[in-house]
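I opened my notebook to get to know a new structure. Here is what I looked up, in the order I looked.

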Amino acid sequence: MGAASAADHEHPETQGDPETGTRTVRRNPNARAQRMGCDICVVGSGAAGISAALEAAKLGRKVVLVDGLPSLGGQAVNSIIGTYCGLYSNGTHGYQFTHGIADDILRDLGAQDKALFYRHGPITTVVYYDEIALSRWVETNVEKAGITVLLGAIMRNVERDGRRIKSLELVTRYGDVIVEATGFVDATGDAALAFQAGFECRESAGHPVYGTQMVVVENIDEEAHPTRDEMRLRMEEKGDEYGLLRRNAVSFVIPGRRIAALNMTHTETPLEPLAMSKSALSGKNQADLAVRFLREQFPACFRQAKVRAYGMPGIRQTRWIAGRHQLTLDEVRSGHRHHDAIGRTAWPVELHDTDKGYVWQSFPPEHVHYVPLGSLIPHEGDNLIAAGRCIDADLAALSSVRVMGPCMAMGAAAAHALDLAGSGSVNQIDIGSLQKRLSDNLDRQDAPWEIRV
Ligand SMILES: Cc1cc2nc3c(=O)[nH]c(=O)nc-3n(C[C@H](O)[C@H](O)[C@H](O)COP(=O)(O)OP(=O)(O)OC[C@H]3O[C@@H](n4cnc5c(N)ncnc54)[C@H](O)[C@@H]3O)c2cc1C
């Protein structure tokens, strides 16, 4: 399928004036959308979407990767999330749960100066990363893989033929584009593709799940950094005085860089354009108050701290697919291994369901819980798979499996499931064959001493 010619998008009325170096143009009212075709179209380029796109390209599939932002990387890069969680089993030196692109990222960023830092314990191993290094990793690897990228593109319409998605109509600043594909991955975080396609989706029925405005401050004194408990206690004591909404804060520091990524606010993330825009601004106000609090309450560390970057609004849980299976808190707690498991984690339940704090329930060292394929497949579709924070789970279960370790595992599973389905249905693939391909993310247990420190 060829792209439409440039004449469809612009309508020069003159060939150009050599004296002024300009030409006159007018929009062509009959301009047609540019069309493109591929095997697998991935919408959303966060941890899940990037994993899906790179894995599908590795399988030899022609991939188009779409994102509504003008840059790749989703929240991992643009919201400055700052740490990979859920990637290791519990204990201070657990084994790695998810491989694939996680191995490549750990290897490549690990080889750079101060781009990664492993924090072992108290519950598990968490990997702090430099978001700029990650953003360049994503961009260069997507390019190397030969993936066609469409940025700043928002879905206006999804064309469906019964249970199959046929194409997406996308709006960009530079004109409309239609992408046709054999299979689709909804890695939008908000189940935007499934919702636009008219499939059933789920939202929280009661209280909202709060997001966070992340902020990076520079010029800190790392040696004087307060402990988490010290920060929490001081926020409880002085929070009202400073107008802080949230009481339990987290600050991530990669040693030797004199910067900290602060996770200190709670903001609502409504699926309504005006309310969401308002919330984006109030989140920054909250972040400023938090920085003032740190400067004044912990001057030894933060006296000279200056905001270096505000992330894009961090969104935890909004809307997700109605899948063939809804992952439940009981399954998470019991470590139930589903017959169609595709990924695993041991990350605690981390439900940000009040403005002041969140539910935090961790698991014992040997605990593992699983993500089933059924939670990735909308029950009304045949060629659409969700990956990342918009899979089907109850509120508490989702709060555990939406961290980036399992998100990457889900992306890989989505690519393999669509590859196996070809022009058939993802509901009819052989689960044994899929799990064989995903065995590293299900059963591999490297000896703990192989973990880099
Ligand atoms: C503040 C905060 C702190 C967190 N801390 C951690 C942590 O420390 N460690 C950890 O592992 N996890 C953490 N999480 C969870 C984790 O970051 C997210 O759940 C995860 O990054 C989600 O990845 P994703 O690929 O599913 O979606 P996202 O990263 O949200 O990517 C979705 C992409 O889809 C695009 N998109 C959305 N709608 C459309 C549309 N209609 N058209 C086109 N494109 C669209 C978006 O632009 C975006 O790029 C945190 C989350 C938040 C909000």
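**Around the ligand**

I began with the shell around the ligand, where H1 (47–58), H2 (74–78), E3 (83–84), E7 (154–161) and H11 (404–421) each supply at least two residues. Helices (H or I, at least four residues) and strands (E, at least two) are DSSP runs, numbered from the N terminus. I keep in mind that this is a predicted model: local features need pLDDT of at least 70, side-chain atom pairs count only at pLDDT 80 or more, and totals for chains, interfaces and linings use all residues. Residues are numbered from 1 along each chain as its sequence is written.

I found 40 residues around the ligand, with Gly44, Gly46, Gly74, Gly314 and Gly388 coming nearest. A residue counts as near if its C-beta atom, placed from the backbone, lies within 6 Å.

**Helix H1**

Next I looked at H1, whose 12 residues reach 17 Å from first C-alpha to last, close to the expected 16 Å. That expected span is 1.5 Å times one less than the number of residues. Of its 12 residues, 11 are buried (20 or more other C-beta atoms within 10 Å of the residue's own, C-beta atoms being placed from the backbone). Among them are Ile50, Leu54 and Glu55. Just after H1, I noted Gly60 with a positive phi of about 85°.

**Two domains**

How is the chain divided? I read domain 1 as 32–205 + 317–453 and domain 2 as 215–310, bounds that come from an automatic or database domain assignment. Their centres, taken over C-alpha atoms, are 28 Å apart.
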